[in-house]
Amino acid sequence: MSYDDNNIFARILRGEIPCRKVFEDAHTLAFDDINPQAPIHTLVIPKGKYVSMKDFSEKASDAEIAALWRAVGKVSELKGIKDSGYRTLSNAGVNAHQEVPHLHIHVFGGGPLGPMLVKKS
Ligand code: AMP
């Protein structure tokens, strides 16, 4: 999947579409998911143009990589779920049903989250 400059998160980063910002630093933006799948559902994204974790881990600078993971931890604190528990998830590609082709880490919390994956029979 190649990077699409008009994907929804690129547009949020350019300020063309509003978001409910949770945290921002030089390399990272975190905002609430528009269609939450848990009482707390925040997305953490790099500001750089990376489609997936593979893309990011290969091409991003050490500073960008550190900032993304520090932001995930910061979000758990800002959202008040660092002690009660939370789950992080990042979908990549077709089999994972990635909808937005800009790397994002989902942070879920605020209540029991159920099993990690739905088991197929
Ligand atoms: P994924 O399926 O992992 O690509 O997840 C994409 C996520 O982006 C979904 O949870 C959507 O609800 C969320 N999303 C889509 N558009 C927006 C938006 N404008 N603001 C916040 N979250 C969004």
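Predicted model: local features only at pLDDT ≥ 70, side-chain atom pairs only at ≥ 80, totals over all residues.
A residue counts as near a molecule when one of its heavy atoms lies within 4 Å of that molecule.

**Around the ligand**

The ligand is surrounded by 17 residues, and the closest are D33, N91, E99, H104 and H106. Sorted by class, this shell holds seven nonpolar residues, seven polar ones and three that are charged.

| Residue | Protein atom | Distance to a ligand oxygen |
|---|---|---|
| E99 | polar backbone atom | 2.7 Å |
| H104 | polar side-chain atom | 2.8 Å |
| H106 | polar side-chain atom | 2.8 Å |

Taken alone, the ligand would expose 510 Å², and the protein buries 87% of that area.

**Where the ligand sits**

Which pocket does the ligand take up? Helix α1 gives three residues to the shell around the ligand, the largest share.

The volume of the largest pocket is about 1200 Å³. How many residues line the largest pocket? Its lining has 38 residues, and Q37, H41, N91, H106 and F108 are the closest to its centre. N91 and H106 are also among the residues closest to the ligand.

Elements that supply two or more residues to the lining of the largest pocket are α1, β2, β3, β4 (86–89) and β5 (105–109). In the lining of the largest pocket, 21 residues are nonpolar, 11 are polar and six are charged.

**Bringing it together**

If you are looking at the structure on screen, H106 is a handy place to start. H106 places a polar side-chain atom 2.8 Å from a ligand oxygen, and H106 is also one of the lining residues closest to the centre of the largest pocket.

Definitions and conventions
Residues numbered from 1 in each chain as written. Heavy atoms only, no water. Polar contact = N/O pair within 3.5 Å; in protein donor to acceptor, adjacent residues only side chain to side chain. Areas by Shrake-Rupley, 256 points an atom, 1.4 Å probe, with all protein chains shown as cover. Helix = DSSP H or I, 4+ residues; strand = E, 2+ residues; numbered from the N terminus. Nonpolar A, V, L, I, M, F, W, Y, C, P; charged D, E, K, R; others polar. 1 Å grid on protein atoms, 1.4 Å probe; cavity = no way out; pocket = protein on both sides within 12 Å on 5 of 7 lines; lining within 4 Å. Points joined across faces, edges and corners; volume = space filled by probe spheres on them.
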